[in-house]
Amino acid sequence: MSLNCIFCDKLVFGSTGLTVPKKGPAHHHCYQADAALRRTFQTLDITELNDDELRDLKDLVLTEENDRARRRNGGAEDSADVELF
């Protein structure tokens, strides 16, 4: 097994390295840069969503944000009403 970074192919050693599950060793900064560029959240890779799925996800996130804001501000009476943009 090679100890080269799976992203930059340079040697990984010391505390700057980590193991990416099912892939191999990587530098911490290389892994973070790759994760930021792939636009993933937890296990969801949003670049794999088609346009309709992305719009649905956006609607779900906005609905959840509105609901949480309403609960924080004490407006729990109308919790059955959902506002979509």
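Okay, a quick word on what we're looking at. This is a predicted model, so local features need pLDDT of at least 70 and side-chain atom pairs count only at pLDDT 80 or more, while totals for chains, interfaces and linings use all residues. Residues are numbered from 1 along each chain as its sequence is written, and side-chain values use heavy atoms, with hydrogens and water left out.

Now the overall layout. The protein has 2 helices and 4 strands. Those are DSSP runs numbered from the N terminus: helices are H or I with at least four residues, and strands are E with at least two. How much of the protein is buried? Of the 85 residues, 13% are buried. Buried here means under 20% relative accessible area, exposed means over 50%, and partly exposed is in between, using a 1.4 Å probe and protein chains only.

Back to the salt bridges. A search of the whole structure turns up 5 of them. Why can Arg71 and Asp67 pair up like that? Well, they are 4 residues apart in helix H2, so about one helical turn separates them. Arg71 is also partly exposed, at 47% relative accessible area.

Glu64 and Arg68 have a salt bridge too, at 2.7 Å, N to O. Again we're in helix H2, and because these two are 4 residues apart, they are separated by about one helical turn. Both are partly exposed: Glu64 has a relative accessible area of 33%, and Arg68 is at 48%.

One more pair, and then I'll move on. Asp52 forms a salt bridge with Arg55, where the closest N and O atoms are 2.7 Å apart. The spacing is 3 residues in helix H2, which covers residues 51–72, so that's about one helical turn as well. Arg55 is partly exposed, at 48% relative accessibility.

Next, the largest pocket. On a 1 Å grid over the protein atoms alone, a pocket is an open set of points where a 1.4 Å probe fits, with protein on both sides within 12 Å along at least five of seven lines, and lining residues have an atom within 4 Å of a point. The volume is about 200 Å³, meaning the space filled by probe spheres set on the points, with grid points joined across faces, edges and corners. Which elements give two or more residues to the lining? They are helix H1 (28–38) and strand S4 (44–45). H1 gives the most, with 4 residues. In the lining of this largest pocket you'll find 5 nonpolar, 3 polar and 4 charged residues. For that count, Ala, Val, Leu, Ile, Met, Phe, Trp, Tyr, Cys and Pro are nonpolar, Asp, Glu, Lys and Arg are charged, and the others, Gly among them, are polar.

Gln42 is one of the lining residues, and it has a positive phi of about 50° although it is not a glycine. Most residues other than glycine have a negative phi. You'll find Gln42 in the loop between strand S3 (40–41) and S4, where it is exposed, with a relative accessible area of 71%. Lys22 is another non-glycine with a positive phi, about 65°. Lys22 sits in the loop between S1 and strand S2 (24–27) and is exposed, at 89% relative accessibility.

Last stop, the surface. Leu3, Leu11 and Phe13 form a nonpolar patch with about 340 Å² of accessible area together. Patches are built from residues with over 30% relative accessible area and no salt bridge, joining like charges within 9 Å and nonpolar side chains (Val, Leu, Ile, Met, Phe, Trp, Tyr) within 5 Å. The areas come from the Shrake-Rupley method with a 1.4 Å probe, and for residues only the protein chains shown count as cover. Leu11 is in the segment before strand S1 (17–20). Ser15 is in the segment before S1 too, and it is exposed, with a relative accessible area of 77%.

Technical notes: A salt bridge is a side-chain nitrogen of Lys or Arg within 4 Å of a carboxyl oxygen of Asp or Glu.
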